[in-house]
Amino acid sequence: MTSRNFWRVVAAASLGSAGIPAAMAQDNSYFYGGLSVGQARAKIDEERISSSLLGTGLTITSITRDEKDTGYKIFGGYQLNRYFGVEAGYFSLGEFSFSANTAPAGTLDGRIKLQGLNLDLVATLPVTEKFSLLARVGAQQAKTSDRFSGTGAVVVLDPNPSQRKTNAKVGLGMQYEFSPNFFMRGEVERYRVNDAVGNRGDVDLMSVSLVFPFGRAPAAAPRPMAQAYVAPPPVVMAPPPPPPPVVVVVPSPPPPPPPPVVMAPERRRVSFEADSLFGFDQTTVMPAGRAKLDAFIAEVKGTSFEVILVEGHTDRLGSEAYNQALSLRRAEVVKSYLVSTGGFDPSKVSVVGKGESSPLTAADACKGTRASPALIACLQPDRRVEVEVTGTR
């Protein structure tokens, strides 16, 4: 088929589309154009090349092939309706090559270039409002241009054969509409081609396409149907209801007030490290100790006290009698400070000296009996003054 005959087919297909019934058309039928770019893959027929060389007394010892190249299409079409369109364009499937080494020594190099024109019927299957599946079938006229060269024992008789042939093509793909005036496609197409030396084969093109519709009208909004006026039914006035009976409400006596809530007294116990209140083996409150007692007084301010118990404790260093007296003196000093500074009722504050009878350290935790700095530090938790407050806020 010559290029003149090809375009006659395009014109006939366009005229034939004008006769499609109106039921197949849609309001936004439109023309479009676009460009595709992708990768073309061919299959070099090594067996056919080997057979042709054997006919001249040569055998192939090795062969390298280049079966991939960049392909592209420039196309235009007319979307007949939502489901079918006609598309024509120019395509180039790139160039493929091989190089064969022979025995006797020689080489045969070959290149094939494919380009041509196509006419397709494109079917569209909408999946969502913007996403569709595509299928195409059509005819293509490909021009095949070959170049052969030989060295050594290989002699090429026709170095530049060419041929034009018309064959079928098919394809599958997807399409997404980014806007009414811009689509994107992804497709896989198969072209049936003839080379210029009597071989036939397939070339696959995997491509991405940009599609630009021309003058596509937006879908018209549905017009509301006119509603026939229906007169409302006549209103029948019902007789007025009888007046409600007069109900005299006698107020009931107010409920008795709830009994007062008696809060159980709260008990709180605070422990002060003796070393933070007094010097070692001393009964005079240090400035740091006074600050701790002042903070305690401020914390319990506003409490109605029932009883306050102050307990003094010592470690096990020294005699039991001495420790008992020291713990009692320290408890009395703390009571005196609470009464004089905190305003506590002295009749509600009692003191007791526990001496070394209630240690916090384990019996085997602190070794030794001599008052060394290490032992004094280890027994520090036992030296303390504990204040237990019972009262309500």
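In this predicted model, the exposed residues Ala321 and Ser340 are carried by the face of helix H5 that is turned away from its buried side. The buried residues of H5 are Asn323, Leu326, Ser327, Arg330, Ala331, Val334, Tyr337 and Leu338. These residues lie on the same side of H5, because they cover an arc of only 130 degrees around the axis. An α-helix has 3.6 residues a turn, so residues three or four places apart point the same way.

The cover over the buried residues of H5 includes both helices and strands. Helix H3 (274-277) and helix H4 (287-299) are among the covering elements, as are strand E11 (304-313), strand E12 (349-355) and strand E13 (384-392). The length of H5 was also examined. Helix H5 comprises 21 residues (residues 320-340), which should span 30 Å at 1.5 Å a residue. The end C-alpha atoms of H5 are 30 Å apart, in agreement with that expectation.

A second feature concerns the surface. Phe31, Tyr176, Phe178, Met184, Val208, Leu210, Phe212 and Phe214 make a nonpolar surface patch of about 750 Å². Two or more residues of this patch are given by each of strand E7 (162-179) and strand E9 (200-214). Strand E9 supplies the largest share of the nonpolar patch, namely four residues. Leu210, one of the patch residues, lies in strand E9. Leu210 has a relative accessible area of 34% and is therefore partly exposed, since this class lies between the cut-offs of 20% for buried and 50% for exposed residues.

Key
Residues are numbered from 1 along each chain as its sequence is written. This is a predicted model: local features need pLDDT of at least 70, side-chain atom pairs count only at pLDDT 80 or more; totals for chains, interfaces and linings use all residues. Side-chain values use heavy atoms; hydrogens and water are left out. The expected span of a helix is 1.5 Å times one less than its number of residues. Buried means under 20% relative accessible area, exposed over 50%, partly exposed in between (1.4 Å probe, protein chains only). The arc is that of the directions from the helix axis to the C-beta atoms. Contact means heavy atoms within 4.5 Å. Patches are made of residues with over 30% relative accessible area and no salt bridge: like charges are joined within 9 Å, nonpolar side chains (Val, Leu, Ile, Met, Phe, Trp, Tyr) within 5 Å. Accessible areas come from the Shrake-Rupley method with a 1.4 Å probe; for residues, only the protein chains shown count as cover. A salt bridge is a side-chain nitrogen of Lys or Arg within 4 Å of a carboxyl oxygen of Asp or Glu.
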